[in-house]
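Me: I would like to learn how to read a protein model step by step. Could you guide me through one?

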Amino acid sequence: MGLFEKGMAKEVVAQGTEHNTLAYGTKVSGEIQAENDFRLDGTVEGKVSCKGMFVIGAKGFIEGELTCANAVISGTLKGKITVSDKLTLKSTAKIEGEIYTKVLSVEEGAKITGTCDMTNQVSKPSSSQEDKK
């Protein structure tokens, strides 16, 4: 009997233990949606949405938009990052663009070029009253 024959396959899911990894040397163009934690050591061009912790390793690179619950960045992000809770920038982090977060932790040596908004409008950064006037 084969592993994938009807009635033989069982799916076991243990909540909170799953995570995704995109390895160094791998490049993705497009949109990524992750329900669980995600570690990026490769390159992404496009839009990333993660409901858990998003980690960009020292060689990781995103050009586009990242939305997540929490993030730890050691690599490079060019574009827009929206973090609903805490964003941690390690000493090797390089951010070029817009940051929207509730809590920001920056190690000495991290580089930020752009804007940072830490108001309560983190979940909807472009729907402020100023935009509607």
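Reply: We will go from the overall layout to single pairs of side chains, keeping in mind that this is a predicted model.

Me: How much of the protein is buried?

Reply: A residue counts as buried when its relative accessible area is under 20%. In this protein, buried residues account for 30% of the 133 residues, while the accessible surface amounts to about 8,500 Å², with 49% of that surface belonging to carbon and sulfur atoms.

Me: How many salt bridges does the structure hold, and which residues form them?

Reply: In general, one looks for a side-chain nitrogen of Lys or Arg within 4 Å of a carboxyl oxygen of Asp or Glu. The structure holds four salt bridges, and one of them joins lysine 51 and glutamate 35 at 3.4 Å, N to O. Lysine 51 belongs to strand β4, whereas glutamate 35 sits in the loop between β2 and β3, 16 residues apart, and both residues are exposed.

Me: Are arginine 39 and aspartate 41 buried or partly exposed?

Reply: These two form a salt bridge with their closest N and O atoms 2.9 Å apart. Arginine 39 is partly exposed at 37% relative accessible area, but aspartate 41, at 16%, counts as buried.

Me: Where do lysine 90 and glutamate 107 lie?

Reply: Their side chains meet in a salt bridge at 3.5 Å, N to O. Lysine 90 is in the loop between β6 and β7 and glutamate 107 in the loop between β7 and β8, so the pair ties together parts 17 residues apart in sequence.

Conventions. Residues are numbered from 1 along each chain as its sequence is written. This is a predicted model: local features need pLDDT of at least 70, side-chain atom pairs count only at pLDDT 80 or more; totals for chains, interfaces and linings use all residues. Side-chain values use heavy atoms; hydrogens and water are left out. Buried means under 20% relative accessible area, exposed over 50%, partly exposed in between (1.4 Å probe, protein chains only). Accessible areas come from the Shrake-Rupley method with a 1.4 Å probe; for residues, only the protein chains shown count as cover. Helices (H or I, at least four residues) and strands (E, at least two) are DSSP runs, numbered from the N terminus.
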